[in-house]
Amino acid sequence: MISQFFVLSQRGDNIVFRDYRGEVQKGSAEIFFRKVKFWKEDGEGEAPPVFNVDGVNYFHVKVAGLLFVATTRVNVSPSLVLELLQRIARVSKDYLGVLNEDSLRKNFVLVYELLDEVIDFGYVQTTSTEVLKSCVFNEPIVVDAARLPPLGPASIFMQGTKRMPGTAVTKSVIANEPGGRTREEIFVDIIEKISVTFSSSGYILTSEIDGTIQMKSYLTGNPEIRLALNDDLSIGRGGRSIYDYSGSSGSGAVILDDCNFHESVHLDSFDVDRTLTLVPSDGEFSVMNYRMTQEFKPPFRINALIEEAGTLKAEVILKVRAEFPSSVTANTVQVQIPLPTYTTRVSFELEPGAVGQTTDFKETNKRLEWGLKKIVGGSEHTLRARLTFSQESHGNITREAGPVSMTFTIPMYNASRLQVKYLQIAKKSKTHNPYRWVRYVTQANSYVARI
Amino acid sequence: MIRGLALRSLCSLRVANLVEYLVGPLGLGLKDSNSYVRMVAAIGVLKLYHISVSTCVDADFPAMLKHLMLHDPDAQVVANCLSALQEIWSLEASSSEEASRDRETLLSKPVIYYLLNRMKEFSEWAQCLVLELVVKYVPSESSEIFDIMNLLEDRLQHANGAVVLATIKLFLQLTLSMTDVHQQVYERIKAPLLTLVSSGSPEQSYAVLSHLHLLVMRAPMLFSSDYKHFYCQYNEPFYVKKLKLEMLTAVANESNTYEIVTELCEYAANVDIPIARESIRAVGKIALQQYDVNAIVDRLLQFLEMEKDYVTAETLVLVKDLLRKYPQWSHDCIAVVGNISTKNIQEPKAKAALIWMLGEYSQDMHDAPYILESLIDNWDDEHSAEVRLHLLTAVLKCFFKRPPETQKALGAALAAGLVDFHQYNVSVAERVVNPPKQAVSVFADTQNSEIKDRIFDEFNTLSVVYQKGQNLQITLFQLRGLEANDKDLLLGTSEKEESRGPINNGSEYSAPMYDGSSVSMAASQTQAELTISNPTLPAHASSLAIDDLLGLGLPVASTPVPSPPPLKLNAKAGLDPGTFQQKWRQLPIASSQEYSLSPQGVVALTAPQALLRHMQGHSIHCIASGGKSPNFKFFFFAQKAEESSTFLVECIINTSSSKSQIKIKADDQSTSQAFSDLFQSALSKFGMP
């Protein structure tokens, strides 16, 4: 049972506020924001998503720089509420096309309409974009995605998977094309977030792939869809230890540790030929989430070296080698390494002929940042940086610096080798075939090399 | 569609006068041919119930809902009926027999089976609702349990974390009596839970992790091979990392300790200071679990050489705890600890730990007396009572072991301590009664097992996230405090008696001794004997006191504790509205609270004037008031008796809910709490004869 739902901007303004049961006082949004803002000062880091003030439970999730908050006085299931908040954000995005402060403000009537249907008197009714369609009468006011305010680096993590280029994905599910007829298309994204930790000697300590198959359908008439995955896909590892690297070395079957599916998916033939049958509902949803700890080839090798060069000087050499085919290119690569706190100045030396590379030394958190717009598969890049210290180091700089962390996006590449073999739409349109888009993206979740 | 919207709007008006117009449309709505209207009407009944209980029951709506719940073809209608009925009946159950019997029927086999069989039709949210209900159902035989589990097994693969957790709760509760199946359930749910942790947003994974945390705490053995899943990733938020660290500590055993500690050491070197601290503490906890202590001590000593002040500070505290448990390591540790310069350590806890070690091992540490002496020279810069106390103790210990070198320091320390005593008696007394929890982590597990069981019963609720039982949330703190006291009593009686010695000295016995030691600087052996005999006396006295008062009141406590003088208000204070407004704008809110009024108070508050007269009797004056029943708003002010410091109050009273919201602003922030208490007591007396 949810008492209130509201959306706050980063500055704490109320964008949307809906009171369902009148059990919690009106000033709750202010109380909440104050608490979240000052949480850090109590030395506790970020505010946890769930906390209790004066008997009121506050839940919040951060999506696209906005705070989605729910309050209740009842001892409810936390994951239910958090899941719901995430879902409301997703439904809003489905309808508005783009989810940000601007679009919410411009479409607040539509959003209230949605909220009334999603929750009634504190009870969740439905969060299916499809069902809600019949209840919503307002046209969304389109906000130009190009005018999106630049999001800070933190919000990229918050937002997780959904930062795909391309205008079509930011289209509202109910917006009509200027031509009057909606384009028949369906997007399937296989998004993999990889986490790798290298030891200082270059061994892989841990590696994990968290993947989702996202689907966004703009098909009319809700045809049935068949999605075929690799034949050699298998799930679960039986009695074997999860971190047993000795077995499948590089080639062979794709083994997932575990996976879960959206409720619309029928798994009748999954065991036989690895096909998922589903009737996609409108809007964006993840067909399947999977997790894999099988050994895979990491896309990048990172080499970091710190050497003392005189009493108050040291040199950092960062080397990044792309170990994927040259037909694939990684985008927006960012390498970071924290330096000793007494570093005062850093001078950089890029390799000759480097294009689209940026280097920066952030004074405030003593962090070296190296940005590369593009890395072509098979290539190797090096950065040399000279550090100047304000005091003599205590002998062991490597303990004061590092680890190296890396973020990147690699389109058309997936580390797990999970593949969609075909995508079949049952209802063939007479006039034309619907557009089908299948994309693979690999992103870094936590890509760390220790030094 | 429009019928539904109209019905919803009608029911959402929380106006009592309109109730009679609601009954008809609701009745029709429940029988409407469109499922959307029925869905809205079901919740509408609940809304009506909240406006007017009698109307709702008289119209026989609960019975209609029940019929609808068992026969409606639309799953969402069924779900809404179920949630409405659950709420109505649980509210009714206290007053009417019939309702509580009705509530029982929800848990009967036919109803449960009916709902379970339609499980797939329900939306994911309704599935959670039904699963919660099924948890309360007690199957009569074990074959039923397996039927239910087989039916619901695929729910574990659901993408919605709430559904999965609700299913897990059900499974765990069902198999509670069957140990072997219960274990299998643990094995079965591990993979889905881990997938959920990594697939959602940080917030979602936090919720799931909290539950996983609970399970790990219950059965660390089962998760000990999965420890790598609990490694932190650098971009995770603090709250997730903290949970993971705790889990890593819990799953540590002989086989994986080495790797876990290696990983934790990496975090300690991290730039993220809170996490570095947490991970050092985690290392310490693992060490106290007695696995592979040798390696851990080595690591800890390496930390000390890192020369980051927060790392050193945390590590010192740990090393101290470890030494108490494993005295055999003292030689290795002392060598390193001796090299630490006291100037680099600022945190009181760490400083106290270092001083403790200096005192305890002064015979092995060559220059311990001199370090202590220099610390005593800086006595005035040291503000923490804990550090001062440890300093006194340490000097005393050192004195017994190496009298000639320490004599001077002891004299100075006692002198300083005596001067100090007058300012710090309250806090020092408290320290004596309740010295810092030393090596508590060894015993910590025993206290919580009962609470853990409670939380486990409330799986998939907020209790798990807060790690507190629902009813225990308030009493828990008191409980903890008491247990901590008891524990400390058991724990280090010797330690405490030592620390009591010098302090009691300060209060009753030390005056002559202080004179003695300061007069004769070139002290003789007899002087030393005098000091030795002295502390034994109060120590004896204090142990008597423990017997008498269970250690809660000590001789020291008999010295009058200065409490803040009671707040007096000026009965004839004056303030003009302009000044009030100006002050109200300028001052920050000192406190803002919500009280409930006594029933008599509500009755008496027919007009604002009555309250004004009453408050005036308590020297609280009103400057403006207004409002009509049930909402009243008052602005009060009051002045302190001696000074011109004023308090401003905004008080909103709602007589229908008998709640009052109070915002207090004060010139002098420090007394606002006292005033708030005063105001509340005045308000609570309102309406009493």
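Five salt bridges cross the interface of chain A and chain B; the rule asks for a side-chain nitrogen of Lys or Arg within 4 Å of a carboxyl oxygen of Asp or Glu. This is a predicted model: local features need pLDDT of at least 70, side-chain atom pairs count only at pLDDT 80 or more, and totals for chains, interfaces and linings use all residues. Residues are numbered from 1 along each chain as its sequence is written, chains are lettered from A in the order in which they are written, and side-chain values use heavy atoms, without hydrogens and water.

**Interface**
- B:Glu87 and A:Arg21 form a salt bridge through their side chains (2.4 Å, N to O).
- On the side of chain A that touches chain B, helix α2 (residues 78-96; a DSSP run of H or I, at least four residues) gives the most, with eight residues.
- In contact (heavy atoms within 4.5 Å) are 73 residues of chain A and 70 of chain B.
- The buried area is about 6300 Å², with 52% from carbon and sulfur atoms; this is accessible area (1.4 Å probe) lost on being put together, summed over both parts.

**Strand β18 of chain A**
- Strand β18 (residues 313-322; strands are DSSP runs of E, at least two residues) is largely enclosed by the rest of the structure, because seven of its ten residues are buried (under 20% relative accessible area, 1.4 Å probe, protein chains only).
- β18(A) pairs antiparallel with β17(A) (residues 300-308) over nine bridges; pairing needs at least two DSSP bridges.
- Four residues separate β17(A) and β18(A) in a hairpin, and A:Gly310 in the turn has a positive phi of about 95°.
- β23(A) (residues 380-389) also runs antiparallel to β18(A), joined by nine bridges.
- A:Val316 has A:Ala385 in β23(A) as its bridge partner.

Note on methods: Buried area is the accessible area (1.4 Å probe) that two parts lose on being put together, summed over both. Buried means under 20% relative accessible area, exposed over 50%, partly exposed in between (1.4 Å probe, protein chains only).
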